[in-house]
Amino acid sequence: MAEPDVKRGGWTIPRVLAIGTALVLVLFWIWILSGAPKKQNPDRLDDRAWVGRAEATCASAMHRIDALPPAQATKGAKARAAVVSQANDELATMLDKLAADRPDDAGDRELVTKWVADWRRYVGNRRDYASRLRTDPSARLFVDEKFNDSIETVVSTFAQVNDMDSCATPTDVS
């Protein structure tokens, strides 16, 4: 009896498809792991000179806030409310300066305007806390939400994305 003629090797359609698929997958992962598709965060500001000025403005305000007695360590709710109110005034002044110094780029101006508005909401939350603290020693700081996160996280994330660490929300109350 004769053996059937079996072809070994050669370029069959399934073999070509399998090799092609494997090659595409390997190239895809090389591309992904190389960082080539990495995109800049859409909140990243182009006007880096403004970023530098903003960081200096925020650092100055945070330095003044850090010089205040720690709110958590202040004895008595009314005294704590007074310290928080002083810090809130420093933050409001900082925000006025940031809003007055507008970035050159129109897209950056829009982002900064929204960020300053978010900051103002957070300061409003802090003012509400200080007001309640004057009459309720067990008052807590409640903050608004945005993008399913706390407004303070949104504000601080924008600062972090733009290398403005001093422009993150202070930790004097939490």
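**Pocket, core and a buried asparagine**

Modeller: In this predicted model, the largest pocket holds about 250 Å³ of space.

Colleague: Which residues lie closest to the centre of the largest pocket?

Modeller: Of the 13 lining residues, Asp-43, Asp-118, Phe-147, Val-154 and Phe-158 are the closest to the centre. Helix 4 and helix 5 are the elements that give two or more residues to this lining, and helix 5 gives the most, with 5 residues.

Colleague: How many residues of each class does the lining of the largest pocket have?

Modeller: The lining has 6 nonpolar, 3 polar and 4 charged residues.

Colleague: Why is Asn-125 called buried?

Modeller: The relative accessible area of Asn-125 is 9%, and the term buried applies under 20%. Asn-125 is therefore buried.

Colleague: Where is Asn-125 found, and which residues is Asn-125 in contact with beyond its neighbours within four places in sequence?

Modeller: Asn-125 belongs to helix 4. Leaving those neighbours aside, its contacts are Leu-141, Phe-142, Val-143, Asp-144 and Ile-151.

Colleague: Which residues of the largest nonpolar core touch the most other members?

Modeller: Among the 36 residues of this core, they are Trp-50, Met-94, Leu-98, Trp-115, Trp-119 and Met-164. Helix 2 (48-66), helix 3 (77-100), helix 4 (106-133) and helix 5 (151-161) each supply at least two residues of the core.

Colleague: What does Leu-98 touch, not counting residues up to four places away in sequence?

Modeller: Leu-98 touches Trp-50, Ala-54, Thr-57, Cys-58, Trp-115 and Val-116. In soluble globular proteins, nonpolar side chains tend to be buried together.

Terms used:
Residues numbered from 1 in each chain as written. Predicted model: local features only at pLDDT ≥ 70, side-chain atom pairs only at ≥ 80, totals over all residues. Heavy atoms only, no water. Core = buried A, V, L, I, M, F, W, Y, C linked by side-chain atoms within 4.5 Å. Buried < 20%, exposed > 50% of the residue type's maximum accessible area, 1.4 Å probe, protein only. Helix = DSSP H or I, 4+ residues; strand = E, 2+ residues; numbered from the N terminus. Contact = heavy atoms within 4.5 Å. 1 Å grid on protein atoms, 1.4 Å probe; cavity = no way out; pocket = protein on both sides within 12 Å on 5 of 7 lines; lining within 4 Å. Points joined across faces, edges and corners; volume = space filled by probe spheres on them. Nonpolar A, V, L, I, M, F, W, Y, C, P; charged D, E, K, R; others polar.
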